[in-house]
Structure formats: C-alpha cells, structure tokens
Amino acid sequence: MDTDAPTQPSLPRLNEPAPDFKAPTTHGVKELSDYAGKWLVLFSHPADFTPVCTTEFIAFANAYDEFQAMNTDLLGLSIDSHFSHIAWTRTIKEKFEVEIPFPIIADLSMEVANAYGMIQPGESDTSAVRCTFIIDDKGLIRAMVYYPLANGRSIAEFVRLVKALQTSDEYDVATPENWQPGERVIVPPPKTAAGAAERLDEGYDCVDWWFCTKEL
Ligand code: BEZ
C-alpha cells in the first residue's frame, strides 16, 4: 500500500454534520457556527461576471425573503476574491437593479470548496461547479445537489425543497414529486406486517397499504 498517496478529504454525506468552515465573505468572516439554529443554503457558482451565475444570483436575491421566512440564510461561494465579488454584485445592482443581500465566500484557498466536494475535475480543476447544500438548524446536511458549469439551477426548487424538508421534520411525513405547500403529503409506509394490515383502516386516503396520503 502506498502510504505517501495524498489523502482525499471525505465528502459530505446526507444527515451527517456539515464540514466546518471559517472563511472571508463579502459580509466579513463567516463560520458554520454562525448559522446554528438556522437553516442554511450554501451554494457555489463557477465564477463572478458570468451570465448563468448572474441569473442564478438574481433569482436567489429575489427569493431571499421567502428563504428568510423559512428561517433560512443564503451563503454563496466561488473561487474568486472578495474584490471580484464586490465588483460583480455592484455591477448586478447597476445593470439589473438587484441588490444581493447575502454574503459570498471568497474561497481563493479552495478550502471550503474541497471540503464540500465542489471541485469536480471532470468539469473544471479551478472552478467550483454549481453545488447546493441544504444544512439544517442542527448543522446536518439534508440535501446536496450538483449541477454542471453550463446549466443554471432552479432556485424555486430550493425554496420548495427547504419547505418540504421542514414539513417532513415537523409532521413525520414524506412529500411526493414536485410537492407544493398546501398539497397532500405521503404517510410513511408501515414497517411491519401488522402495521400493513391496519393501514387501510387508519383513516388515510390509500391506493394500497403502502401508498397512503393525507392532508396536513
Ligand atoms: C456562466 O455562469 O455563464 C458560466 C460559467 C462557467 C461556465 C459556463 C457558463
């Protein structure tokens, strides 16, 4: 075994603690513990002053109040300097009349990007791909989404996903494809034969013992 081989950092996994960080941002130094008790959407973009990233930032800014109403902060990241971030966000304000209200990590050391597996050499060795991590109020990773360089994300999907995760936590339910707040939710299937036998008599709307929904 080659003991001199470089060790790969272990990548984040669902329901495990989010990798810790302390990093310079456009709003001063931020660390993961600053977000204790809040949900956090930590997202990377490939580079400042690029069109797809600009459309995503405008959409994140437009959804900022919706995220805040869900006790959720936003934190951007790219491997650019804070001078570049400041210049870019000022340009977005000037050209698109949109203020970017959330901080952006200037990850020139790539420390945060490497800890979160944001560098995908199949796409780029020097830029982060479009990663989105949803971290809950206990600091656990609850969702991870990786998009390539060329294709922008749907920010409405992350609003929906935070709401779905919080709804699952609060009511111990699952949510179906493209679930929207106010729609019926899925009752977790029974785990025992006895539970399956009882399920159809429990007052849910069931297609079968393993497929039951209810209103909240
Ligand atoms: C963009 O944001 O426009 C972009 C960034 C990197 C590669 C391709 C497009």
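This is a predicted model: local features need pLDDT of at least 70, side-chain atom pairs count only at pLDDT 80 or more; totals for chains, interfaces and linings use all residues.
## Briefing: ligand shell, cores and a few residues

Asp172 counts as exposed, at 60% relative accessibility. Exposed here means over 50% relative accessible area, buried under 20%, and partly exposed in between, with a 1.4 Å probe and protein chains only. Residues are numbered from 1 along each chain as its sequence is written, and side-chain values use heavy atoms, leaving out hydrogens and water.

**Positive phi**

- Back to Asp172: its phi is near 55°, a positive value in a residue other than glycine, and it lies in the loop between H5 and strand E8 (185–187).
- Helices (H or I, at least four residues) and strands (E, at least two) are DSSP runs numbered from the N terminus.
- Asn15, in the segment before strand E1 (22–25), also has positive phi, near 70°, without being glycine.
- Asn15 is exposed, its relative accessible area being 53%.

**Around the ligand**

- Pro46, Thr50, Pro51, Val52, Cys53, Arg130 and Leu149 surround the ligand, where a residue is near if one of its heavy atoms lies within 4 Å.
- By type, this shell divides into five nonpolar residues, one polar and one charged.
- Helix H1 (residues 51–62) provides the largest share of the shell, three residues.
- An oxygen atom of the ligand sits 2.8 Å from a polar backbone atom of Cys53.
- On the side-chain end, a ligand oxygen is 3.0 Å from an N or O atom of Thr50, and a polar side-chain atom of Arg130 lies 3.1 Å from an oxygen of the ligand.
- Taken alone, the ligand exposes 270 Å², of which the protein buries 74%; such areas come from the Shrake-Rupley method with a 1.4 Å probe, and for residues only the protein chains shown count as cover.

**Nonpolar cores**

- The largest nonpolar core has 27 residues, and Val41, Phe57, Phe60, Phe67, Leu74, Phe102 and Ile134 touch the most other members.
- A core here is a set of buried Ala, Val, Leu, Ile, Met, Phe, Trp, Tyr and Cys residues joined through side-chain atoms within 4.5 Å.
- Strand E3 (39–44), H1, helix H2 (64–69), H3 and helix H5 (155–171) each give two or more residues to this core, with the largest share, six residues, coming from H5.
- A second, separate core of 23 residues includes Leu32, Leu75, Tyr116 and Ala128.
- Leaving out residues up to four places away in sequence, Phe57 touches Phe43, His45, Trp88, Ile92, Ile100, Phe102 and Ile104; contact means heavy atoms within 4.5 Å.

- Thr132, in strand E6 (residues 130–135), is buried at 1% relative accessibility.
- The Thr132 side chain makes a polar contact with the side chain of Arg153 at 3.0 Å.
- A polar contact is a pair of N or O atoms within 3.5 Å; within protein, one must be able to donate a hydrogen and the other to accept it, and residues adjacent in sequence count only if both atoms are side-chain atoms.
- Lys93 belongs to helix H3 (residues 82–96) and is partly exposed, with a relative accessible area of 39%.
- Apart from neighbours within four places in sequence, Lys93 is in contact with Val98 and Glu99.

Definitions and conventions
Ala, Val, Leu, Ile, Met, Phe, Trp, Tyr, Cys and Pro count as nonpolar, Asp, Glu, Lys and Arg as charged, and the others, Gly among them, as polar.
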